[in-house]
Amino acid sequence: MQHLSATDCKLYPYSYEKIYKVLSDLPGYAQWWPWGVKVKVLARNSNPMGEKIEVWASGGWFRCEICSLEPSKRVGIQYYQGVVLGETHWTITPQQDGQTKVCYTIDLELNGILPKFLGTFINFSRIHSFQFRRVLDSLDKRLRENA
């Protein structure tokens, strides 16, 4: 497998506007991403477009930036350097019961000789989804703190 592909979702009891505000603040991820994930701010703008971070996690490091926005609906993120390359996105969907469904969808190319080699033996997509639950739980905690 040369791709890292997954969609991970969670329902939250918060407004889609509140969730969008947190997810479109890429440098703010440093304040709520889980323990063990280091986030370094590379560029902060008055407008979220082009904001950049570097992330160090158990699978290696990558750099990414906000590449597209649909206010209160979608945040696109471009992974441009590191162990994975490509575009991902958050989707924010209000539900009829008042909750908001948040999904993070990735389809990234493994980058580098070692990640590509290991990708032939290891299901990185499944590992990513398992670990990404911590990110979704940390988002819940961040939203609860700012309720």
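Author: With the lining of the largest pocket, sorted by residue class. Ala, Val, Leu, Ile, Met, Phe, Trp, Tyr, Cys and Pro count as nonpolar, Asp, Glu, Lys and Arg as charged, and the others, Gly among them, as polar. In this predicted model, the lining of the largest pocket has 19 nonpolar, six polar and one charged residues. The model is a predicted one, where local features need pLDDT of at least 70 and side-chain atom pairs count only at pLDDT 80 or more, while totals for chains, interfaces and linings use all residues. Residues are numbered from 1 along each chain as its sequence is written, and side-chain values use heavy atoms, with hydrogens and water left out.

Reader: What volume does the largest pocket have, and which residues are the closest to its centre?

Author: A pocket is found on a 1 Å grid over the protein atoms alone: it is an open set of points with protein on both sides within 12 Å along at least five of seven lines, and lining residues have an atom within 4 Å of a point. Grid points are joined across faces, edges and corners, and a volume is the space filled by probe spheres set on the points. Here the volume of the largest pocket is about 610 Å³. Its lining has 26 residues, of which A57, S58, G59, H128 and Q131 are the closest to the centre.

Reader: Which element gives the largest share of that lining?

Author: Helices (H or I, at least four residues) and strands (E, at least two) are DSSP runs, numbered from the N terminus. Helix 4 gives the largest share, seven residues. At least two lining residues each come from strand 3 (52–57), strand 4 (60–70), strand 7 (100–110), helix 3 (113–119) and helix 4 (124–145).

Reader: How many cavities of 30 Å³ or more are there, and what lines the largest cavity?

Author: A cavity is a set of grid points where a 1.4 Å probe fits but cannot get out. The structure has one of 30 Å³ or more. The largest cavity holds about 30 Å³ of space, and its lining consists of L26, Y29, W33, I53, V55, F62, C64, I77, Y79 and Y104. Two or more of these residues come from each of strand 3, strand 4 and strand 5 (74–82). By class, the cavity lining has 10 nonpolar, no polar and no charged residues.

Reader: Is W32 buried or exposed?

Author: Buried means under 20% relative accessible area, exposed over 50%, and partly exposed in between (1.4 Å probe, protein chains only). W32 has 5% relative accessibility, so this residue counts as buried. W32 lies in helix 2 (residues 29–32). Contact means heavy atoms within 4.5 Å. Beyond its neighbours within four places in sequence, W32 is in contact with V22, L23, W90, V135, S138, L139 and R142. In the protein chain, 40% of the 147 residues count as buried.

Reader: What is the phi of S72, and where is this residue found?

Author: Most residues other than glycine have a negative phi. S72 is not a glycine, yet has a positive phi of about 65°. S72 is found in the loop between strand 4 and strand 5. With 18% relative accessibility, S72 counts as buried.

Reader: In what order do the elements of the protein chain run?

Author: From the N terminus on, the order is β-α-α-β-β-β-β-β-β-α-α, with four helices and seven strands.
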